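Visitor: I'd like to learn how to read an interface between two chains. Could you walk me through one?

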Number of protein chains: 2
Amino acid sequence: MEMSNLKELFLAELSDMHSAERQLIEALPKLARQAGSPQLKRALEQHLRVTEGQLERLDRIFDSLGEKPKRKKCKGMEGLIGEGSEMVREATDEAVRDAAIIAGAQKVEHYEIAAYGTLRTYAETLGDSANGKLLDQSLEEEKEADVKLSEIAESAVNVEAASPA
Amino acid sequence: MEMSNLKELFLAELSDMHSAERQLIEALPKLARQAGSPQLKRALEQHLRVTEGQLERLDRIFDSLGEKPKRKKCKGMEGLIGEGSEMVREATDEAVRDAAIIAGAQKVEHYEIAAYGTLRTYAETLGDSANGKLLDQSLEEEKEADVKLSEIAESAVNVEAASPA
């Protein structure tokens, strides 16, 4: 699939993100089940709903452009989810497992912060301010989710993980 | 490899980052060769030197802990590099290729921002402020690299990519 202008790159990165969000929607319920801290569990369940909204937003953007997402798996998200699951599996203590879940989730959030930042800038450069605004909403949601995870880690989880029961 | 406390998770995440930096040191020269914009080429070459310094910093941290990094490939970075290379390969216009290089590099920077942020917090929670400081230096370098890439994209590359020659 060749790309000779920014619009085509925009569509390729949008498709990539569409696949990334779909993978995340599959992964988040599993992570929420594995979380020990009720606060972390709630944050992951809430982020699942936010993620579903972001996927719908991407569908609206594709509709507005008269395009469909390519069915190509996002390798970046695949690697992040694979790495995170492995770390979580290897944690034998509950607080350590929670810390590993947060570490993996923050890598995912940052992937999305980079991707949505890029997509928003592409939309603006292409003069598509309506879609630029939608992408900016998703970007802000990802930043909030990242801050919330840091708070949960620093307020309790890491300290418990440092001195497990 | 089981992890039952934060120290073990810290070591596992340090090993992961050690592999990530090594993969990046292999990938950056190739990206710099593919870049068309002299400004982007310079930024990538400069970031290669910064990355080499970050790998040395990780080696110093392992030494200080009397440990060695595990020889396990970081899947997150592997996915990010794979995805980025594919996007770059599919770009047939020089400015579009530069935009794709920047998009991929910013995903990598954000991976490292998340990982170094987590590692620094773990070091601090473990009362290891010397290594916390080293990790904070790498974190700040990654944030600077990300800002610089945004500037290059927004000042020239994206606009050229939007209206290729």
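Guide: Gladly! The size of an interface is often given as the accessible area lost when the parts come together. Here chain B and chain A bury about 3,900 Å² between them, 60% of it on carbon and sulfur atoms; buried area is the accessible area (1.4 Å probe) that two parts lose on being put together, summed over both. This is a predicted model, where local features need pLDDT of at least 70 and side-chain atom pairs count only at pLDDT 80 or more, while totals for chains, interfaces and linings use all residues. Residues are numbered from 1 along each chain as its sequence is written, chains are lettered from A and ligands numbered from 1 in the order in which they are written, and side-chain values use heavy atoms, leaving out hydrogens and water.

Visitor: How many residues of chain B are in contact with chain A?

Guide: Contact means heavy atoms within 4.5 Å. By that rule, 47 residues of chain B touch 47 residues of chain A.

Visitor: How many salt bridges does the rule find across the interface?

Guide: A salt bridge is a side-chain nitrogen of Lys or Arg within 4 Å of a carboxyl oxygen of Asp or Glu. The rule finds 10 across the interface of chain B and chain A. One of them joins K72(A) and E86(B), at 2.7 Å, N to O. K107(B) and D16(A) also meet in a salt bridge, at 3.5 Å, N to O. That pair crosses from helix 4 of chain B to helix 1 (residues 6-34) of chain A; helices (H or I, at least four residues) are DSSP runs, numbered from the N terminus.

Visitor: Where does helix 1 of chain B bend?

Guide: The bend at a residue is the angle between axes fitted to the seven residues ending there and the seven starting there. Helix 1 of chain B bends by about 30° at A27(B), and a proline, P29(B), follows within four residues.

Technical notes. Helices (H or I, at least four residues) and strands (E, at least two) are DSSP runs, numbered from the N terminus.
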